[in-house]
Amino acid sequence: MARDEAGREMTRRDFLRHAAAGAALTVGAVSGLGELSTALAKTTENQPAGMPYRIFGRTKERVSLLGMGTIRTKNPAVIHKALDLGVNFFDTAECYRGGNSEIDLGKALKGRRDQAFVATKWHTNGRTPAKDLLASLDESLQRLKMDHVDLIQIHGAKSAGPVKSDELWEAFTRAREAGKVRFNGVTTHENQVAVVRAAIETKRYDAVFVVHNALTAGTVGPAIAEAHKAGVGVMVMKALAPAHQGKRLAAFRELKGNPYQRAIQWVAKDPNVSTVVVDMPTFDELAEDYQAVTTPVTSAQLEEFEGAVTRIAAGTCHLCGACTGQCPAGVKVADIMRFSLYHDGYGDRERAVSLYRELPPGATAAVCGDCASCRVVCPWGVPVKSQLERTHAVLA
Ligand code: SF4
Ligand code: SF4
């Protein structure tokens with residue numbers, strides 16, 4: 001959970017109230033949003049159709065521009081309301097909340113499976129035997145209580161290697177032939193351009209799931225355009241990262257408008273993107289994000305948002321992965337920066353702590369305190385050593 005200057009825990013809504021007190025918040029103003037989310041929570045009838053849809057690459061599926069990430073979503077009523085609002089894309093993974101994300105999503109979609117495009121993942125380094133991957137998929141299907149998922153994805157590819165793996169291709173092919181998946185894809189947080197280009201080059205992938213936002217635009221943006229052109233569907237994660245990263249900085253408090261909605265609108269304006277997948281565990285967040293994709297936004301408003309992002313760019317982690325492999329002691333710097341965002345930005349302490357404690361002992365930041373000076377060079381000027389030490393103190 002993020003904290004304000006007084007050290008109090010600050011949620012996404014707290015931040016908006018805080019910002020509204022000091023600056024003009026015009027789009028999705030907190031009071032209006034509260035009314036909308038209250039209405040959503042109480043309404044049992046379907047809402048008027050307002051959700052935009054896009055074609056999901058060569059799958060030809062029509063997916064909602066706002067997709068639902070389910071890492072933290074435990075309340076089935078929120079998933080039901082998302083369906084009512086026209087959300088039809090749902091992403092989960094075998095490891096989210098120890099498998100409970102799949103269990104909860106499956107329960108919520110019971111009786112409404114035909115309204116949802118369901119994506120899950122399998123962990124692999126490209127050398128995992130096909131039979132183990134297929135066993136992992138069977139376990140996911142058991143948790144989801146479904147006979148198939150629409151999309152199975154390599155979880156967090158860090159290089160082109162897994163994407164080009166024949167072992168993986170055998171697993172994908174056998175899963176499709178068994179009718180357990182319809183399409184296959186790859187997710188990536190690091191080395192994204194190489195991973196996306198490998199997915200395009202192999203012609204084996206229907207979709208890529210990438211980190212894309214106003215902070216990362218210059219790096220992954222062109223690869224996303226290439227993917228779209230090649231018929232590879234593009235899902236975007238971490239669209240909200242600039243707002244999460246900037247919420248404690250003055251540049252965002254001066255913004256006219258809701259920075260979370262602007263962050264979504266900024267990604268949604270990219271025609272190469274099929275769906276923006278956002279974790280929405282509450283009615284409040286669902287209301288806010290639904291409003292973002294159904295409310296017109298002007299170029300001037302997006303330019304103002306870009307300006308604020310530019311002002312926080314120096315010293316802010318872009319999750320670019322350029323620090324991967326730089327630490328001579330083997331500290332997994334990029335992974336730890338991402339876990340730090342989950343904790344400080346998303347307020348998801350459970351996930352951040354769990355992921356950090358799963359790192360091999362030598363890969364954590366426990367050794368950073370012994371370093372006279374950090375050897376990692378961050379192109380964005382992030383103070384790596386102090387950031388890692390602080391994260392270790394919070395998550396270890
Ligand atoms: S610390 Fe720097 S190099 Fe590492 S992911 Fe963040 S921005 Fe990129
Ligand atoms: S402070 Fe030292 S151990 Fe920590 S990341 Fe930098 S070089 Fe590696």
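## About the model

The structure is a predicted model, in which local features need pLDDT of at least 70 and side-chain atom pairs count only at pLDDT 80 or more, while totals for chains, interfaces and linings use all residues. Residues are numbered from 1 along each chain as its sequence is written, and chains are lettered from A and ligands numbered from 1 in the order in which they are written.

## Overall makeup

The chain holds 17 helices and twelve strands; these are DSSP runs numbered from the N terminus, with helices (H or I) of at least four residues and strands (E) of at least two. Of its 396 residues, 51% are buried. Here a residue is buried if 20 or more other C-beta atoms lie within 10 Å of its own, exposed if 12 or fewer, and partly exposed in between, with C-beta atoms placed from the backbone.

In soluble globular proteins, nonpolar side chains tend to be buried together. The largest nonpolar core in this model has 109 residues, and Ala-199, Val-208, Val-236, Ile-264, Val-276 and Val-333 have the most contacts inside it. Domain 1 (25-310) and domain 2 (333-395) both contribute residues, so this core lies between them. A nonpolar core is a set of buried Ala, Val, Leu, Ile, Met, Phe, Trp, Tyr and Cys residues joined through C-beta atoms within 7 Å, and the domain bounds come from an automatic or database domain assignment.

Setting aside neighbours within four places in sequence, Val-208 is in contact with Gly-185, Val-186, Val-196, Ala-199, Ala-227, Val-232 and Val-234.

Strand S10 (residues 207-211) has five of its five residues buried, so it is largely enclosed by the rest of the structure. Ala-207, Phe-209 and Val-211 cover one side, with Val-208 and Val-210 on the other. Strand S9 (residues 181-188) pairs with S10 in the parallel sense over four bridges, and Thr-188 stands opposite Val-210. Pairing requires that DSSP finds at least two bridges between the strands.

In strand S12 (residues 275-279), five of five residues are likewise buried. S12 pairs in the parallel sense with S5 (residues 66-69) over four bridges and with S11 (residues 233-237) over two. Val-276 is the bridge partner of Leu-66, and Val-236 also stands opposite Val-276.

## Around the ligands

Ligand 1 is surrounded by 15 residues, the closest being Cys-317, Cys-320, Ala-322, Cys-323 and Cys-378. A residue counts as near a molecule if its C-beta atom, placed from the backbone, lies within 6 Å of it. Helix H15 (residues 333-344) gives the largest share of this shell, three residues. By class, the shell has 13 nonpolar, two polar and no charged residues; Ala, Val, Leu, Ile, Met, Phe, Trp, Tyr, Cys and Pro count as nonpolar, Asp, Glu, Lys and Arg as charged, and the others, Gly among them, as polar.

Ligand 2 has 14 residues around it, of which Cys-327, Cys-368, Cys-371, Cys-374 and Lys-385 come nearest. Its largest share, three residues, comes from helix H17 (residues 384-395). This shell has twelve nonpolar, no polar and two charged residues.

## An exposed arginine

Arg-357 sits in helix H16 (residues 349-358). Arg-357 is exposed, with 11 other C-beta atoms within 10 Å. Arg-357 and Ala-396 are 39 residues apart in sequence and 6.5 Å apart in space, C-alpha to C-alpha.

Terms used
Contact = placed C-beta atoms within 7 Å.
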